[in-house]
Amino acid sequence: MASLMQRASRAAFLAAAIVWAGLLPAQGGAPKPVIEKAVKGQQCVEDTEYMRKNHMKVLNHHRDKTVIEGIRTKKHSLKECINCHASEKTGSVAKSKDDFCVSCHTYAAVKIDCFECHSTKPQGPMTMHPLNADTAHYKHKLAAGAKKPVSVDDMAKVAQ
Amino acid sequence: MASITFREVEGSSLKYWLLFGGLGLFVLFGALSWNYMHHYGHVVTGMDNQIVWGLPHVFAVFLIVAASGALNVASIASVFNKPMYKPLAPLSAILAIALMLGGLLVLVLDLGRSDRLIVAMTHFNFKSMFTWNVFLYSGFFALVGIYLWTMLDRTVKSYSKAAGTAAFIWRLLLTTGTGSLFGFLIARELYGTAMLAPMFIIMSFAYGLAVYLMVLAAAYSWTGRALGDTVMQRLRYLLVIFVAAVLYFVVTYHMTNLYFTKLHAVEAFILRDGGIFTTLFWFGQILAGCVIPLVILLTGLGRQRSWIMIACALVILGGILQMYVTIIGAQAYPLDLFPGLNEKSSFFDGVVHSYMPSVPELFLGLGGVAVALLVTTFAVKVLRLLPESLDDATVAKLEH
Amino acid sequence: MSEMNPNQGSPARQQAAQTVESLQRRRFIGAAGAAAGLAIAPGVMLIEVAHGRPEEQAASSAVRWGMLVDATKCGTGCNDCVTACSTENGWTPVAESAHPKQAPQWIRKLELQDPLTQMETNLPMMCQHCAEPPCVDVCPTGASFKRADGIVLVNRHTCIGCRYCMMACPYKARSLVHEQLNDTQKPDVPRGIGCVESCTFCVQKVDRGDGTTACVEACTASGHNALVFGDMNDPESEISRKLREIPTKQVRADLNLNLGVRYHGI
Ligand code: SF4
Ligand code: SF4
């Protein structure tokens, strides 16, 4: 596990360094991005190396499919990225500077626009919301929204 | 035909730099306003879900319309072959480019996502009038730019007429496009008519010429160059024709509307019950923008230069107010989803919408004006746009 | 969401509360029915697939989603559909907004009164999902678009916030997001500052196979039963049957936009 993390962070640094290299040669002082291990699952839906370089292509492709055609497969959906990568501490991928997306993007100085519109947090179980008089008649809906956490099995399925 | 010497404005006097700095300051204010609006969102403006286009659009559309009109003088020279207008043409072209730039900047910086300009430049929907305008505006810059080049560079002078004609046709299309931005909106009672396109063209003639006259007179008086009465008087009568035509179109437009029962309510709103909009229409657009300038220009007052300037200023003011009434007044009147029934909702259905422009909106709009003037001020310094003299003797020689 | 997938294994159902159990079973049965249809008759399959279409299948023009509003049943003073919409889609109810005139409203209750007869009508008003949408026509970037199944949406990735569509919509159905949302969005419903938005017919629910919208669910739950959602292309759907039976009108039918929302009792 530890070696995996090491490998991950080393590769991330490498990728980010490529971006930086042209701009700030041999600066060295910039804080390295913190790559928090995904909370759920063992393996990303694509090769880590591949994702590191191409996640934006994958996401852009899927986003057009989803928005325009209504295809909501899970494999390349941003929502699923967030489900796995949301930090255990903040529950988000972009809330604090060490959260998964922000940490690397800050380091690479690439602005992301995703979270102007997208929620940075996984879908929380709606049953957590206190039922009050106003929402009582939505009980059926709240129940429908109840989620089980994504299991390893699920991830394996997704990865296929 | 005698030749005319064009010379750059020296632009080293204190006065020049004061003007430059003053305009720069307004550009800066405009930039700050944009930054503020962009950071907090449109919540800091007076615009809302009822009045979706506000003061920035008033300025932007006015500047764009005036830009196409400012090209008039050049068109008369090249397309209609009037030698007296030839020396006036370069300023006319640069002013057109500058006003267009100012207007477009305001339009673009008011977008909800002004950071996504690149999207607007790469994604097109050809059924949208807006898309067509994007092309019309870029083409305008290109054509007027080429035209200006043919006027400034002796080696390509022979193409001047062709370039001028192309620019002239283009700018007619352009103003048709601007008018159609509104004309193609079926939802709003006051829009949705082909009448808006020709009306915008004739308005552009008047507003553009008024701006041109003021800039010309200012440039000549501040640089101490001679500007004879022949030129001023010629342009004075041209302005009379344009302003009268605007008045004619506005009257016809409203008279036609008054004939249709379904438009009675909204016409009554603009002409009688609309509060601020009615006031602005009658006292701003009609009285200050058309009637008083006509009186000034047609009576003996029009022989004095300061009165011509007052008339021009009034035409410009009337033009901005006309845009205000056209753009905001039409939105203030509620959409009629169920004709004949009273409507009420949490979304302000059935009530006249109020609009209070905010300070950043105003400064964004003024910023656009400042950009236009700044570009012009700078251009006359670096390019040979202004004839050394336009006194009566020089101009008289041209006519023979 | 995967959790809503009726085909999912049973552990989820066992863990979930009683209501979830029954709801999911209903869905499961629905899916089983679809599968059966697939096996028995290809003709039936077409329709069934359209309703609970598999995740990887694009929305199809064989379907046209639509809504029937029975204004005679719509409760005076009842706001349940509006509340349900704001809950489902994550927009702040106007009453709670600090800037009511700038607050987005995807759906609103409209109260009408005939000045002559004093007759009062009230009904929900929202995007009418025009077949010939003026908002789509005017949108410079193509961000406003009509999906194959008739749902009119704003692609927030290309919306530049020019508000031309708001000027063009005859139903005042659209709102601009005027301020930062600060991560209050629902994971299923991205929405953001500077972009225009409107009713989506709960597209996230439609894609999930719910076959209904939050407002319809709420209206039914409140007992008013004024709203019906469904496929107007399917002659056997509840909405098509109702539309055949009772007289309905389109709002501002003079514009001839062929609306996806039809009203009875106006
Ligand atoms: S109701 Fe308005 S927003 Fe909805 S599709 Fe029609 S024009 Fe577009
Ligand atoms: S605001 Fe967005 S969706 Fe509306 S017309 Fe402009 S770009 Fe299109």
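Let's start with A:T73, which sits in the loop between helix 2 and helix 3 (78-85) of chain A. Helices here are DSSP runs of H or I with at least four residues, strands are runs of E with at least two, and both are numbered from the N terminus.

A word on the basis: this is a predicted model, where local features need pLDDT of at least 70, side-chain atom pairs count only at pLDDT 80 or more, and totals for chains, interfaces and linings use all residues. Residues are numbered from 1 along each chain as its sequence is written, chains are lettered from A and ligands numbered from 1 in the order in which they are written, and side-chain values use heavy atoms, with hydrogens and water left out.

Buried means under 20% relative accessible area, exposed means over 50%, and partly exposed is in between, with a 1.4 Å probe and protein chains only.

What does A:T73 touch? Setting aside neighbours within four places in sequence, A:T73 contacts A:H62, C:E55 and C:E56. Contact means heavy atoms within 4.5 Å.

A:H62 is one of the buried residues of helix 2 of chain A. Helix 2 of chain A bends by about 75° at A:N54. That bend is the angle between axes fitted to the seven residues ending there and the seven starting there. After helix 2 of chain A comes A:G70, with a positive phi near 80°.

Now chain B, and two pairs of helices. Take helix 8 (residues 196-223) and helix 9 (residues 229-259) of chain B: they pack at about 150°, with axes 9 Å apart. Axes are lines fitted to C-alpha atoms, for helices over the stretch in contact, and angles run from 0 to 180 degrees between N-to-C directions. Helix 8 and helix 9 of chain B are therefore roughly antiparallel, meaning an angle over 145 degrees. Contacts include B:L209 of helix 8 and B:F242 of helix 9 of chain B.

The second pair is helix 4 (residues 89-109) and helix 13 (residues 359-382) of chain B. Their axes come within 8 Å and cross at roughly 150°. That makes helix 4 of chain B roughly antiparallel to helix 13 of chain B. Among the residues in contact are B:G102 of helix 4 and B:G368 of helix 13 of chain B.

Last, chain C. It has 9 helices and 9 strands. Of the 266 residues of chain C, 58% count as buried.

Technical notes: Parallel < 35°, antiparallel > 145°, perpendicular 65-115°, else oblique.
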